[in-house]
Amino acid sequence: MIDWEGTWAAYDEDTYAAALALVPPGAVVLDIGAGDLRFARRLAARARLVYAVERRPELLVGGAPGNVRLVCADARDWPFPPGLDAAVLLMRHCAHFALYRRKLVAAGCRWLITNARWGMGVEGIDLARPVRAYDDLALGWYACRCGATGFRAGPPAALTAAVLDTVHEVDRCPGCNDGRSGIRFA
Ligand SMILES: C[S@@+](CC[C@H](N)C(=O)[O-])C[C@H]1O[C@@H](n2cnc3c(N)ncnc32)[C@H](O)[C@@H]1O
């Protein structure tokens with residue numbers, strides 16, 4: 001079986017530009033799965049400090065600016081440092097979104113910038129924003145803290161353009177207990 005999550009591949013410039021635009025200038029940023037550091041180098045010009053964590057040592061060559069701390073480690077086990085403002089997770093095949101989200105919240109990090117939930121495009125998640133229970137959502141798009149995304153069907157008459165344009169942050173979605181998220185609800 002192919003380990004897609006452990007596979008290194010670069011993203012296109014539009015993806016990097018979209019992610020970079022969501023990083024608060026002057027932030028302390030964690031780049032999770034930094035690959036060959038091409039995005040971490042872009043981050044370094046905007047951020048105050050970048051922690052670039054990558055588990056494949058052969059990718060961490062070629063140097064980086066002085067405000068980039070290279071960490072060769074497994075991001076699942078490596079303790080996230082205090083003082084993070086934002087994290088970037090450019091990893092479309094990430095199977096540990098819920099774990100990273102949990103670790104970032106515990107570290108006091110405010111923003112998670114990622115393509116891991118939707119697979120396409122980049123979103124900026126405000127980790128301090130309260131989420132609603134999936135069951136309270138009558139209709140519409142949702143993105144769950146477990147990493148699952150989807151559309152909750154409802155009465156066709158209630159389907160408006162505004163509904164289609166809105167994504168709700170939820171927890172306790174049907175995907176939460178599928179065994180991959182690490183989240184368990186009774
Ligand atoms: C698709 S690549 C993207 C690299 C980089 N984020 C970019 O956008 O250029 C994903 C990277 O995440 C790394 N990775 C996956 N799981 C990891 C983990 N648990 N700890 C550290 N690195 C990991 C892989 O080795 C790979 O280099």
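How many helices and strands does the secondary structure of the protein chain come to? The count is four helices and ten strands, where helices (H or I, at least four residues) and strands (E, at least two) are DSSP runs, numbered from the N terminus. This is a predicted model, in which local features need pLDDT of at least 70, side-chain atom pairs count only at pLDDT 80 or more, and totals for chains, interfaces and linings use all residues. Residues are numbered from 1 along each chain as its sequence is written.

**View 1. The whole chain.** Start here to get your bearings. Read from the N terminus, the elements follow the order α-β-α-β-β-β-α-β-β-β-β-β-α-β. The C-alpha trace spans about 55 × 30 × 30 Å along its principal axes. Buried residues make up 33% of the 186 residues. Here a residue is buried if 20 or more other C-beta atoms lie within 10 Å of its own, exposed if 12 or fewer, and partly exposed in between, with C-beta atoms placed from the backbone. Of the contacts with a separation of 6 or more, 52% come from residues 24 or more positions apart; two residues are in contact if their C-beta atoms, placed from the backbone, lie within 7 Å.

View 2. The domain assignment gives domain 1 (4-126) and domain 2 (132-171), with bounds that come from an automatic or database domain assignment. Their C-alpha centres lie 27 Å apart. At the meeting place, six residues of domain 1 are in contact with five residues of domain 2. The side of domain 1 that touches domain 2 has four nonpolar, no polar and two charged residues. For these classes, Ala, Val, Leu, Ile, Met, Phe, Trp, Tyr, Cys and Pro count as nonpolar, Asp, Glu, Lys and Arg as charged, and the others, Gly among them, as polar.

**View 3. The shell around the ligand.** There are 21 residues around the ligand, and Trp8, Gly33, Gly35, Ala75 and Leu90 come nearest. A residue is near a molecule or strand if its C-beta atom, placed from the backbone, lies within 6 Å of it. By class, the shell divides into eleven nonpolar, three polar and seven charged residues. Helix α2 (38-44) and strand β2 (49-54) each supply at least two residues of this shell.

**View 4. Helix α3 and its cover.** Helix α3 (residues 97-106) has Phe97, Ala98, Tyr100, Arg101, Lys103 and Leu104 as its buried residues. An α-helix has 3.6 residues a turn, so residues three or four places apart point the same way. The cover over the buried residues of α3 includes β1 (28-32), β4 (86-89) and β5 (111-114). Just after α3, look for glycine 108, with a positive phi of about 80 degrees.

**View 5. Isoleucine 113 and its surroundings.** Isoleucine 113 is found in strand β5. This residue counts as buried because 22 other C-beta atoms lie within 10 Å. Leaving aside neighbours within four places in sequence, isoleucine 113 is in contact with Ala19, Leu22, Val23, Ala86, Val88, Val122 and Gly124. The C-alpha atoms of isoleucine 113 and alanine 86 are 7.4 Å apart in space, although the two residues are 27 apart in sequence.

**View 6. The open sheet of four strands.** The strand order is β7-β10-β8-β9, with mixed pairing; two strands pair if DSSP finds at least two bridges between them. The edge strands, β7 (132-133) and β9 (149-152), each pair on one side only. Two bridges join β7 to β10, which run parallel, and alanine 133 stands opposite aspartate 171. Strands β8 (residues 140-144) and β10 (residues 167-171) also pair in the parallel sense, over four bridges. Here tryptophan 141 stands opposite valine 167, and alanine 143 has glutamate 169 as its bridge partner.

**View 7. The β8-β9 hairpin.** Strands β8 and β9 run antiparallel, joined by four bridges. Four residues lie between the two strands of this hairpin, and glycine 147 in the turn has a positive phi of about 110 degrees. Tyrosine 142 stands opposite glycine 150 in β9. Glycine 150 is partly exposed, with 15 other C-beta atoms within 10 Å. The C-alpha atoms of glycine 150 and glycine 140 are separated by 8.3 Å.
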